[in-house]
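Please work through the following exercises with the structure in view. Each task is followed by a solution in steps.

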Amino acid sequence: MNAEGLVEVVLPGKVEPEGLEIRKGPAPAAGPGQVVVRMEATGVSFAEQQMRRGRYYDQPPFPFVPGYDLVGTVAATGEGVDADLAGTRVAALVKVGGWASHVVVDAADLVPVPDGIDPAEAETLVVNGITAWQMLHRKARVRAGQTVLVHGANGGVGSVLVQLARAAGAKVIGTASARHHDALRALGAVPVDYRTEEVPARVRELAPGGVDAVFDHIGGRSVVDSWHLLAPGGTLVSYGSASTRDDQGSKQWPVLKLLGRVWLWNALPNGRHAYFFNVWAGRALSRNRFRARLRDDLTQVFAALRRGDVTAQIAAQVPLVQAADALRLAESGTVAGKVVLTP
């Protein structure tokens, strides 16, 4: 047991950010095969924005503690866990539970954070970095000399995608509103303003033969345009349905419709491929394989950060107890990079 108490943020139901609740209690204990991680940084991702609306497709029943990922130090180890882990800095992808001062995590799910990386910087690259790396290298298999289109290129995943694609030697076209264009040019991308320009027409001007890969988190109409922009043999990776964030009705339907389209497109005899990317895919089939892949890929992302191929985009650092402000800020669409919560 830790002498320190637990502080956690609870999502009680479908609420505005101000409806989040702060709960305090005794710090948790680690069970067999588990550790207690003292959180140093956790983040606000798109998942929590959907969860508070009850629209994340496999969220747990309310009330629960949100928080998709975290970085922290192992404070205590449970039975069967190497005691030397205590005091080491680790990252973990947890889906829920990260918005807390102390989090119980299976030891097998921990990924070491290399020395010299700031916890808040590492945090910006856990779910965003794994997502970007796996879509780029495991799904689209982007190679030097190819051209890729990244929607929302200033966002958490988008900005990492741009940098990893550039590091792989690809040309990048990125959509974003005008105020982010200088930042995108600095990362080596060609910006397109989705608010004032006709995106498909502009992309065709920039890549007359089509693009080799499109990364689309918007869904809806956008994903159909994205498919039509592919060069022969190109790959569409769809990883969300942001366009339906504020919709009412079934939270499964946008995803099912997308999966239906992906299935249909893959049946067409034109050599193009479409994927619906979910970072948790494969976990139910083989937990060990899923964990090994996740550890390998996040280790690669941290190495890219140390090399300077990727810079951590921290939009703001906000204390955990002000999670409502952090969520409001993340949802405002006015910030570049990730809003990070700290103890």
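**Exercise 1.** Determine whether Arg89 is buried, partly exposed or exposed, and describe the salt bridge that Arg89 forms with Glu40.

*Solution.* Step 1: Buried means under 20% relative accessible area, exposed means over 50%, and partly exposed lies in between, with a 1.4 Å probe and protein chains only. Arg89 has a relative accessible area of 30%, so Arg89 is partly exposed. Glu40, at 22%, is partly exposed as well.

Step 2: A salt bridge requires a side-chain nitrogen of Lys or Arg within 4 Å of a carboxyl oxygen of Asp or Glu. The side chains of Arg89 and Glu40 form such a bridge, at 2.8 Å from N to O.

The model is predicted: local features need pLDDT of at least 70, side-chain atom pairs count only at pLDDT 80 or more, and totals for chains, interfaces and linings use all residues. Residues are numbered from 1 along each chain as its sequence is written, and side-chain values use heavy atoms, leaving out hydrogens and water.

**Exercise 2.** Locate the salt bridge between Arg53 and Glu331, and state which network contains these residues.

*Solution.* Step 1: The side chains of Arg53 and Glu331 meet at 3.2 Å, N to O.

Step 2: Helices (H or I, at least four residues) and strands (E, at least two) are DSSP runs, numbered from the N terminus. Arg53 lies in the loop between H1 and E4 and Glu331 in helix H10 (residues 323-331), so the pair ties together parts 278 residues apart in sequence.

Step 3: Arg53 counts as buried at 16% relative accessibility, and Glu331 counts as buried at 14%.

Step 4: Salt bridges link Glu16, Glu18, Arg52, Arg53, Arg328 and Glu331 in a network. The whole structure contains 19 salt bridges.

**Exercise 3.** Describe how helix H3 (residues 127-139) packs against helix H9 (residues 287-307).

*Solution.* Step 1: The two helices, H3 and H9, pack at an angle of about 100 degrees, with their axes 9 Å apart. Axes are lines fitted to C-alpha atoms, for helices over the stretch in contact, and angles run from 0 to 180 degrees between N-to-C directions.

Step 2: Angles under 35 degrees count as roughly parallel, over 145 as roughly antiparallel, 65 to 115 as roughly perpendicular and the rest as oblique. H3 is therefore roughly perpendicular to H9.

Step 3: Contact means heavy atoms within 4.5 Å. Among the residues making the contact are Trp133 of H3 and Leu294 of H9.
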